[in-house]
Amino acid sequence: MRIGSRTIKTALGTPLAIWMAQLLELDNFASAGIVTILCIQVTRKRSLLSAWHRFAACMLAILYSFIFFEGLMGFTPLAIGVMLLVFIPTTVRLKITPGIITSSVIVLHLYTFGKIDLSIVWNEFLLIVIGIGIALILNIYMPNLERSLEEYQMDVEDCFSSILKEISLYLKEEKYAWAGEELTRTAELLEEAKALAYKQVENRLLKPHHPYYHYFHMRTKQFELLEQMLPLVTRISQYDEYASKIGDLFEDLSGAVHPGNTAVLYLRKLEELRNYFKEEPLPESREEFESRASLYQLLNELEDYLIIKRSFKRSDI
């Protein structure tokens, strides 16, 4: 059973927050541990947002509790219900709804005390600060995801290489069959890789962009084009020199899937193929015409694929 870093930080932070609250002889000291649990998140950005939501909601809850309990309705269950009818829509308006649970605990503390004075407010304030502070300190450390992202990159590139190779074989061998399992695998890898890269983005507070996120976004757009190419390939019924030459280009590309930018070279080869087709005689049969049209459209899709790659800078990785 694997124990993640968030679990470890929760296990460390919760007793530490409770211990600090006990040292300060705060009432309801266990609530500091609850705040820490709620504020420890999977990324630094989410941790900061969680801390802000909970702190703001708790301060608002203390203010509303004073107004409704001390000023309007007294310490009654009805006062809690009426206050929540006003409090929750206010948190929605202020976009701090994740803090509702924590602030509700504070409200119940104040209700239990039966009065609200400076010492009680200070007690609740310290509980909140200790809980949030411990969580923020622990969330300074986040595991480095670079190695995992690099592994995803290599796996995606292997899949791309396989897909391009299979298209090449399909164009060059009339009876070639391909199950297409690489397509499903690539889609899964890209989704997982982008989610992981986005976590890395949220851990870089001073640099909101991350090269791997742009890289996997680029590969996703390329993959969409590869999927669009497959119906064109299956429409080809004439396996002649035109299909073979395009198949050779796909074969060359299958061996050049990497972060480096060689797209310009293959765009030049693609243009040479186009010029070659223009100089050849027109198709004589309907079947040959339809195959030639599919091949030409396939070149257009391949050109878009290469243009996307050309726009990606090797220095980004």
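What share of the contacts in the protein chain with a separation of 6 or more comes from residues 24 or more positions apart? Keep that in mind for a moment, and hello everyone. What you see above is a predicted model. The answer is 79%: that is the part of those contacts made by residues 24 or more positions apart.

Let's start with the overall build. The secondary structure comes to 12 helices and zero strands.

Now the surface. Of the 317 residues, 43% count as buried. The accessible surface of the chain comes to about 17000 Å², and carbon and sulfur atoms hold 59% of that. As for charge, there are 33 positive and 39 negative side chains, with the centres of the two sets 8 Å apart.

Next, a word on annotation. The unreviewed UniProt entry carries the label "transmembrane region" for residues 61-88, 94-113 and 125-142. What does the model show over two of these spans? Residues 94-113 are 75% helix and 0% strand, and their end C-alpha atoms are 28 Å apart. Residues 125-142 are 78% helix, again with 0% strand, and here the end C-alpha atoms lie 27 Å apart.

Most residues other than glycine have a negative phi. Asn28, however, is not a glycine and has a positive phi of about 55°. You will find Asn28 in the loop between helix 1 (5-23) and helix 2 (30-39). Is Asn28 buried or partly exposed? Its relative accessibility is 36%, so Asn28 counts as partly exposed.

The other one is Lys95, with a positive phi near 60°. Lys95 sits in the loop between helix 4 (77-94) and helix 5 (100-113), and it also falls within the annotated span 94-113 from the UniProt entry. With a relative accessible area of 68%, Lys95 is exposed, the cut-off for that being over 50%.

Key:
Residues are numbered from 1 along each chain as its sequence is written. This is a predicted model: local features need pLDDT of at least 70, side-chain atom pairs count only at pLDDT 80 or more; totals for chains, interfaces and linings use all residues. Side-chain values use heavy atoms; hydrogens and water are left out. UniProt positions are given in the numbering used here, feature names are shortened, and annotations may be inferred rather than shown by experiment. Helices (H or I, at least four residues) and strands (E, at least two) are DSSP runs, numbered from the N terminus. Buried means under 20% relative accessible area, exposed over 50%, partly exposed in between (1.4 Å probe, protein chains only). Contact means heavy atoms within 4.5 Å. Accessible areas come from the Shrake-Rupley method with a 1.4 Å probe; for residues, only the protein chains shown count as cover. Lys and Arg count as positive and Asp and Glu as negative; His and the chain ends are not counted. The place of a charge is taken as NZ of Lys, CZ of Arg, CG of Asp or CD of Glu.
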